[in-house]
Amino acid sequence: MNGKSLEKMESIASLMLDMRLADLERAARARQESIDLLRGLEVPAADDIDPLLAARLSLRYQIWSDGRR
């Protein structure tokens, strides 16, 4: 193998690596966006309601959300 062939192979390998890194970066951004959106769905607990009522509401919400899936 001469030097020119080796340089071409190195260039191709570098391009392939750049493409894979770009794919990985896109996937990481999409993952972070999903995590951020999920965090936005979290609802802080209400401290001023009866704990029994809060538990019942939580169960009702879980049943409703399971039905939506």
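Tyr 61 counts as exposed, because its relative accessibility is 52%; exposed means over 50% relative accessible area, buried under 20% and partly exposed in between, with a 1.4 Å probe and protein chains only. The model is predicted, so that local features need pLDDT of at least 70 and side-chain atom pairs count only at pLDDT 80 or more, while totals for chains, interfaces and linings use all residues. Residues are numbered from 1 along each chain as its sequence is written, and side-chain values use heavy atoms, with hydrogens and water left out.

A search of the whole structure finds one aromatic pair. This pair joins Tyr 61 and Trp 64 in a tilted arrangement, with 5.7 Å from centre to centre and 35 degrees between the planes. Rings of Phe, Tyr and Trp (its six-membered ring) pair if their centres lie within 6.5 Å; planes under 30 degrees apart count as stacked, over 60 as edge-to-face and the rest as tilted. Both residues belong to helix H2 (residues 51–68), where they are three residues apart, about one turn of the helix.

Helix H2 also holds Ser 65. Ser 65 is buried, with a relative accessible area of 11%. Between Ser 65 and Val 43 there are 14 Å in space, C-alpha to C-alpha, for a separation of 22 residues in sequence.

The overall form comes next. The protein has two helices and zero strands; helices (H or I, at least four residues) and strands (E, at least two) are DSSP runs, numbered from the N terminus. Its radius of gyration is 25 Å, well over the 11 Å that the globule rule gives for 69 residues, so the protein is more spread out than a compact globule. That radius is taken over C-alpha atoms, and the globule rule is 2.2 Å times the number of residues to the power 0.38. Along the principal axes, the C-alpha atoms fill a box of roughly 80 × 25 × 15 Å. Of the 69 residues, 1% count as buried.

The charged side chains complete the picture. Side chains of opposite charge can pair when their charged atoms come close. The structure holds two salt bridges, each defined as a side-chain nitrogen of Lys or Arg within 4 Å of a carboxyl oxygen of Asp or Glu. In one of them, the side chains of Arg 26 and Asp 23 meet at 2.2 Å, N to O. Arg 26 and Asp 23 lie in helix H1 (residues 3–41), three residues apart, about one turn of the helix. Arg 26 counts as partly exposed at 45% relative accessibility, and Asp 23 is partly exposed with a relative accessible area of 43%.

Glu 25 forms a salt bridge with Arg 29, the closest N and O atoms being 3.0 Å apart. Glu 25 and Arg 29 both lie in helix H1, four residues apart, about one turn of the helix. At 49% relative accessibility, Glu 25 counts as partly exposed.
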